[in-house]
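Please keep the sequence and the 3D view at hand while reading.

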2 protein chains.
Amino acid sequence: MTDDQRQTLRHPDGVSELVVGERAFETARPSLEGWVDARTLFVLSTPRVRELWGHALDPVRVAARRVVELEVEDGEGAKTPAHAGRLWREMVAAGGKRDSRMVTLGGGTVGDLGGFVAGCFLRGIDYAQIPTTLLAQVDAAVGGKTGVDLPEGKNTVGLFHHPSWVVADTRVLETLPRRERAAGLAEVVKMAFLLDPPLLEAVERTLETLLDGDASALAPVVAGAIAAKRRVVEDDPREGGRRMLLNFGHTLAHAIEAELDYRGLRHGEAVAYGMLFALRLSRARGLEHRAAQRLRDLIRRLEPAPLPTLDAERLAAWTARDKKAREGGLAWVLARQLGDGVVCRDIGADEVEATIQAFLADPWDLP
Amino acid sequence: MTDDQRQTLRHPDGVSELVVGERAFETARPSLEGWVDARTLFVLSTPRVRELWGHALDPVRVAARRVVELEVEDGEGAKTPAHAGRLWREMVAAGGKRDSRMVTLGGGTVGDLGGFVAGCFLRGIDYAQIPTTLLAQVDAAVGGKTGVDLPEGKNTVGLFHHPSWVVADTRVLETLPRRERAAGLAEVVKMAFLLDPPLLEAVERTLETLLDGDASALAPVVAGAIAAKRRVVEDDPREGGRRMLLNFGHTLAHAIEAELDYRGLRHGEAVAYGMLFALRLSRARGLEHRAAQRLRDLIRRLEPAPLPTLDAERLAAWTARDKKAREGGLAWVLARQLGDGVVCRDIGADEVEATIQAFLADPWDLP
């Protein structure tokens, strides 16, 4: 577990500077001002986030030659090629140049959309991510994945475009609903379980304070999760191998979300259930009961909303369409033991469907 | 001047293999078959090009697990975010995966659009460019620039996504109209003048045969132009410096094209006039009359369509919106001497407009 408030992520196109903590806004400000340095600054946000946290950017706005505010509605509905198209047109019309800057201020939707828009505007302009949800701070904002959704699938269009800056100020997490923080913690737990057992311990130890949104307790946990993700991304920037471990729990999660038409469960909650499912496949391949139980118990403390009634056959069909699938077939991320994940490509469709069946009968049971 | 029929372009994300010549299809085939290797193959083309040259891909189609034909209309109108969106949806619906392959078969429009679509599909799939115009062979297909147009500006949305393969078979140039070949030769002349004087000599010497579309005469010239571009792109993949030299003649060309609403002149013809204009600015900064005259005389032999009546003030206003502009102002590419270009950022708006005025009075005159 690393607790660095300033980290540097090295990627094929340069570096991302990651500033994390209770006073990340203040820490990052001088650097952001220098980065903006009398250029055009595009600020992408939503009405709600702008009202809550827009002021945090005021000093950076002052450093720009001019500021162009870009807005999208709240919610995942903004992540479409059509919205990207509208933003590009506004940016060209506003006279944006290749060395203009963009800041995204918001949750994962704003960051994913903004990163895609920045990455394709005049073949790529620099941008900074200022994530305002726990999920976005520990996951979406770090690692350069950007994208938008099609009716045929989430995140099916996008590119790798790393932000020059990620500023994760944990004070913004205080204004989130508790359920949103719990969902974000599911992603922290995911990384901790496969990549950083000491971080898992820290989450177990301080979970109530974290759920309460204590900015100071959240700071080391967010920094630790970001560090875990950073190391994996540096090892495997294009998700050719090790980075796939970050998809632990995500194959079934995506299937559940798609089947529910992205309603009812938060992404982190779907991932929580996806991990419970992955534990079953992992148990069948030798994962110790004690390790599985430990993760299951921690997930239970996150109190995800109950899993709606679902059909095993339909879920199995959704998993076959997973983005992680290659021409050769589907890849499942499993746990060999605590702190040790593996990508498994030889799980038959029959086993998947049977295991989904058992899982749906009692998600919390562990064979 | 290099005359290599097989070249390798090294770029930040890997390499592009460039196969050039009179029998490039046959030379590249075994490699392309191995590259496709039982995967899903998307083939993007237009009805006209598919009819003329689609058969050249038949052996590669056989090597695929299945082939999904994608189609766009002929002409620049296909290069829009909306067309990209439609293609992405077709590709997801067809079950495309991250290791699926795409081949673009067509001119610059198909290559630019296809490269953009490949670059953003599931965050980037491998693709091959099979350019079927001279312009696309010597310019658009090499160097990884991809993109689409907005109503507010050409190529304003895109990314750098290098093809794994570029196959430039000069036999396809035989079926082009002579005027199209002349327009493509304008880009060859552009590169030769600033980057490769021996190539300039070769074009001067063989121009009539080249204009006639002789595949064997075109082979070394296309290979030479591709080599010149390849070296510049390897030096400066993201167009931070030296690669800007490839924009010689392009600032006024883009202004002329925009003012004419992209009608009447071909891109290469606009570039021919743009070079004549750049020669004026270059002359005022010390370019020898003899070198300028030599380029002017060669451009004249390309017989570009006459320049329509244009307004100097309006053209000057268009140049100010050029994509090469940075927050600090506009960059002009000038010639210091034969084989030596320079990027010039300190040319005042008054001089630009006065020079446009003089240029419009007689484009072919050289001060």
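The contact between the two chains takes 35 residues from chain A and 36 residues from chain B, where contact means heavy atoms within 4.5 Å. About 3600 Å² is buried between chain A and chain B, and carbon and sulfur atoms give 55% of that area. Buried area here is the accessible area (1.4 Å probe) that two parts lose on being put together, summed over both. A:R98, A:R123 and A:E327 supply 25% of the area that chain A buries against chain B, more than any other three residues.

The model is predicted: local features need pLDDT of at least 70 and side-chain atom pairs count only at pLDDT 80 or more, while totals for chains, interfaces and linings use all residues. Residues are numbered from 1 along each chain as its sequence is written, chains are lettered from A and ligands numbered from 1 in the order in which they are written, and side-chain values use heavy atoms, with hydrogens and water left out.

**Chain A as a whole**

Chain A has 14 helices and eleven strands; helices (H or I, at least four residues) and strands (E, at least two) are DSSP runs, numbered from the N terminus. Its radius of gyration is 20 Å, close to the 21 Å that the globule rule gives for 367 residues, so chain A is as compact as a globular protein of that length. The radius is taken over C-alpha atoms, and the rule is 2.2 Å times the number of residues to the power 0.38. Along the principal axes, the C-alpha atoms of chain A fill a box of roughly 60 × 40 × 35 Å.

Of the 367 residues in chain A, 62% are buried. Buried means under 20% relative accessible area, exposed over 50%, and partly exposed in between (1.4 Å probe, protein chains only). Among contacts in chain A between residues at least 6 apart in sequence, 77% join residues at least 24 apart.

**Individual residues**

| Residue | Relative accessible area | Class |
|---|---|---|
| A:V188 | 0% | buried |
| B:K190 | 2% | buried |
| B:E239 | 3% | buried |
| A:Y262 | 34% | partly exposed |
| B:D235 | 56% | exposed |

A:V188 is found in helix α7 (residues 178-195) of chain A. Not counting residues up to four places away in sequence, A:V188 touches A:V138, A:L199, A:V203, A:V221 and A:A225. A:V188 and A:D58 are 130 residues apart along the chain, and their C-alpha atoms are separated by 30 Å.

B:K190 belongs to helix α7 (residues 178-195) of chain B. Leaving aside neighbours within four places in sequence, B:K190 is in contact with B:D139, B:L246, B:F248, B:H250 and B:M275.

B:D235 lies in helix α9 of chain B. From C-alpha to C-alpha, B:D235 and B:V67 are 36 Å apart in space and 168 residues apart in sequence.

Two further residues are of interest for their backbone angles. Most residues other than glycine have a negative phi. A:Y262, although not a glycine, has a positive phi of about 60°; A:Y262 is found in the loop between α10 (250-259) and α11 (267-283) of chain A. B:E239 is not a glycine either, and has a positive phi of about 60°. The loop that holds B:E239 runs between α9 (215-235) and α10 (250-259) of chain B.
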